[in-house]
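Colleague: Please put the model up, and I will ask about it piece by piece. Keep the answers plain.

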Amino acid sequence: VFPSLAQAQASVANEVYRELGQPSVFLFCPTEYCSSLCSPSPSQSCYLLTLGQELLPGISVIWTGPKVVSQELSATLLEEVEGVLQRCPIIWDNLYANDYDCRRVFLGPYTGRAPGLVPRLRGLLLNPNCELQANFIPIHTLGSWFRNELGSCAHPDHAGMETAAALGDSQGSQEGSYSPQDALELALRDWVAEINRQALEPGR
């Protein structure tokens with residue numbers, strides 16, 4: 001019926017989107033959802049180009065970055081994806097995901113995400129690891145990163161000043177910039193306090 005997979009997917013997605021009354025949040029995950037799955041590249045992918053042209057503007061497209069689990073995200077890459085999809089992507093961030101290998105648990109801070117990404121995003125979803133309690137540091141440090149990003153957007157000349165003050169401005173971090181190490185130390189402090197609070201609860 002359809003000349004390509006992309007046109008088939010776009011047609012079905014558009015029909016469902018209209019049938020639901022064009023909701024404010026409607027997520028579409030493409031078959032090519034990261035750079036490594038695109039042939040030959042995101043900007044030259046016929047599949048993504050078709051989606052960008054055919055999907056209704058209110059439909060958000062999910063993207064994981066250079067790879068399924070991306071160690072780094074850059075504004076340059078997001079600009080390329082935005083160009084081909086004709087909309088800012090929603091990042092589905094698998095940095096902490098371990099559903100593919102439950103022996104792996106990443107407890108480090110949110111890192112590898114360049115400053116200035118938020119203006120190029122329609123949203124960001126964090127895929128947590130499978131161990132509930134071990135997600136305290138990922139979510140906490142994501143909050144620090146995001147707060148810094150919002151500060152950068154609101155006050156480009158004083159990027160992240162609020163976050164820097166909240167994190168205590170440790171030595172070695174640039175004034176007004178997100179520091180993964182500072183964010184980690186703040187998260188660990190709050191995590192220990194939460195563990196101690198839970199330990200005092202009746203029945204613990």
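Colleague: Leaving aside its neighbours within four places in sequence, which residues is Leu51 in contact with?

Modeller: This is a predicted model, in which local features need pLDDT of at least 70, side-chain atom pairs count only at pLDDT 80 or more, and totals for chains, interfaces and linings use all residues. Residues are numbered from 1 along each chain as its sequence is written, and side-chain values use heavy atoms, with hydrogens and water left out. Contact means heavy atoms within 4.5 Å. With neighbours within four places in sequence set aside, the partners of Leu51 are Ala6, Ala10, Phe28, Pro30 and Arg87.

Colleague: How far apart in space are Val84 and Leu49, C-alpha to C-alpha?

Modeller: Val84 lies in helix H3 and counts as buried because its relative accessibility is 4%. Not counting residues up to four places away in sequence, Val84 touches Pro42, Ser43, Leu48, Leu49 and Gly52. Val84 and Leu49 are 35 residues apart in sequence, while their C-alpha to C-alpha distance is 5.5 Å.

Colleague: Is Ser39 buried or exposed?

Modeller: Ser39 sits in the loop between strand E1 (27-28) and H2. Apart from neighbours within four places in sequence, Ser39 is in contact with Glu32, Gln44 and Ser45. Its relative accessibility is 56%, so Ser39 counts as exposed.

Colleague: Which strands stand at the edges of the sheet?

Modeller: The open sheet has four strands in the order E1-E2-E3-E4, with parallel pairing; two strands pair if DSSP finds at least two bridges between them. E1 and E2, for example, pair over two bridges, and Phe28 stands opposite Val61 in E2. Two strands each have a single partner, so one side of each is left without a neighbour in the sheet: E1 and strand E4 (123-126).

Colleague: Which side chain is joined to that of Asn127 by a polar contact of 2.8 Å?

Modeller: Asn127 is in the loop between E4 and H4, and counts as buried because its relative accessibility is 16%. A polar contact is a pair of N or O atoms within 3.5 Å; within protein, one must be able to donate a hydrogen and the other to accept it, and residues adjacent in sequence count only if both atoms are side-chain atoms. The 2.8 Å contact joins the side chain of Asn127 to that of Asn94.

Colleague: Why is the pair of Tyr110 and Trp145 described as edge-to-face?

Modeller: Rings of Phe, Tyr and Trp (its six-membered ring) pair if their centres lie within 6.5 Å; planes under 30 degrees apart count as stacked, over 60 as edge-to-face and the rest as tilted. The whole structure has four aromatic pairs. Tyr110 and Trp145 have ring centres 5.3 Å apart, and the pair is edge-to-face because the planes stand at 65°.

Colleague: How far apart are the closest N and O atoms of Glu82 and Arg120?

Modeller: A salt bridge is a side-chain nitrogen of Lys or Arg within 4 Å of a carboxyl oxygen of Asp or Glu, and the structure holds six. One of them links distant parts of the chain, Glu82 in helix H3 and Arg120 in the loop between E3 and E4, 38 residues apart. In this salt bridge of Glu82 with Arg120, the distance between the closest N and O atoms is 2.9 Å.

Colleague: Which residues are linked in a network of salt bridges?

Modeller: The side chains of Arg197 and Glu201 meet in a salt bridge of 2.8 Å, N to O. Arg197 counts as partly exposed, with 43% relative accessibility. The network consists of Glu194, Arg197 and Glu201.

Methods:
Buried < 20%, exposed > 50% of the residue type's maximum accessible area, 1.4 Å probe, protein only.
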